[in-house]
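Good morning, colleagues, and thank you for your time.

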Amino acid sequence: MIRLAVRCRPELAERVLAELVELAPGGVEEERGETYVEYAIYGPPGELPAVPALEAAAGEGLVEIASTEVPDDWADRWRDFHEPVRVGRLCVRPTWADPDPGAEIEVAVDPGQAFGTGAHATTKICLELLLALAESGEASGPLTDLGTGSGVLAIAAAKLGYAPVSGYDHERPALEAAAANAIANGVKLEVHRSNLREELPPLASTVVANLTSPLLLSIAGRLSEPPVTMVVSGLLAGEVDEVVDAFARSGLREARRSREGDWAGVLLRDLESQGLES
């Protein structure tokens, strides 16, 4: 097994991570030093992203790329980097962690299967916005999760009361992981393979899209009929206004904005369909 590490300058770390997760749906390990942030990817030789692709992803923030072999117990040590994440009354935890006695809702996923464990700021932002919708009594009806990954957001939505829930992703391992995680969590999730860069699947009245800014801008430009409610994240704080403006041209308006560190997300609504257009 190979550990391929990319070191970048701290001030550009979040942007580099956003690019790396596109290349590494299997998960990214993070380590911070005084003068660098290191992101590491694990995999067999020949299955890891090519060095030139990593260099391009890191761009001007690149400090170093290093490849090392890891011992046989790497899978056990990998677990040390994944801990339960609490968002309000909801807890997302790896399958080997003990349940949180204080959480009303739990989502247990295997971080080794696909990217998305609830730990990243953008996932937490989406969970916060979904919880806010649930608290206002809106967690019902169908929901579409674009870029479902390991299915964390889709599973959480199902547990909050949405049904039916559909998840779309281009990566087959992600779809397999999402389906397995849904079964393990006792919820129904329909998974579909879709290249969101090329096509937009049928959308439910509520949509969750935790994606990168370029992909969100592309989706906004292809919306022929907007959903009633849309939770959008995967954005650096400086990217939010451009994405909000793009969706506004499709009839969606910003209703709420959430930020954690350098990352942000928004709740968008089709005000006309709700009779709120002025």
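Helix H7 (residues 213-221) and helix H8 (residues 240-248) pack at an angle of about 15°, and their axes lie 8 Å apart. Helices here (H or I, at least four residues) and strands (E, at least two) are DSSP runs, numbered from the N terminus. The axes are lines fitted to C-alpha atoms, for helices over the stretch in contact, and angles run from 0 to 180 degrees between N-to-C directions.

Before I continue, please note that this is a predicted model, in which local features need pLDDT of at least 70 and side-chain atom pairs count only at pLDDT 80 or more, whereas totals for chains, interfaces and linings use all residues. Residues are numbered from 1 along each chain as its sequence is written, and side-chain values use heavy atoms, with hydrogens and water left out.

H7 and H8 are therefore roughly parallel to each other; angles under 35 degrees count as roughly parallel, over 145 as roughly antiparallel, 65 to 115 as roughly perpendicular and the rest as oblique. Their crossing is left-handed, a term used if the near helix is turned anticlockwise from the far one by less than a right angle, with right-handed used if clockwise. Which residues meet here? On the H7 side they are Ser213, Leu216, Leu217, Ile219 and Ala220, and on the H8 side Glu242, Val243, Ala246 and Phe247. Contact means heavy atoms within 4.5 Å.

Let me turn to a second pair. H4 and H5 also have a packing angle of about 15°, with axes 10 Å apart. That makes H4 roughly parallel to H5, and the crossing of H4 and H5 is right-handed. From H4 the contact involves Thr123, Cys126, Leu127, Leu130, Leu131 and Ala134, and from H5 it involves Val152, Leu153, Ala156, Ala157 and Leu160.

Next, the sheet. Three strands form an open sheet in the order S5-S6-S7, with mixed pairing; two strands pair if DSSP finds at least two bridges between them. Strand S5 (85-87) and strand S7 (105-109) are the edge strands, each pairing on one side only. From one strand to the next, the twist averages 15°. Helix H4 (residues 121-135) packs on this sheet and touches S5 and S6, its direction making about 35° with that of S5.

What lies inside? The largest nonpolar core has 38 residues, and Leu130, Tyr162 and Val231 have the most contacts inside it. Such a core is a set of buried Ala, Val, Leu, Ile, Met, Phe, Trp, Tyr and Cys residues joined through side-chain atoms within 4.5 Å. Buried means under 20% relative accessible area, exposed over 50%, and partly exposed in between (1.4 Å probe, protein chains only). H4 gives the most to this core, with 9 residues. Apart from it lies another core, of 23 residues, including Leu215, Ile219, Ala220 and Leu268.

A local detail deserves mention. Ala163 and Pro164 are joined by a cis peptide bond, with omega about -10°. Pro164 sits in the loop between H5 and strand S9 (165-169).

Finally, the chain overall. It comprises 8 helices and 14 strands. Of its 278 residues, 52% count as buried.
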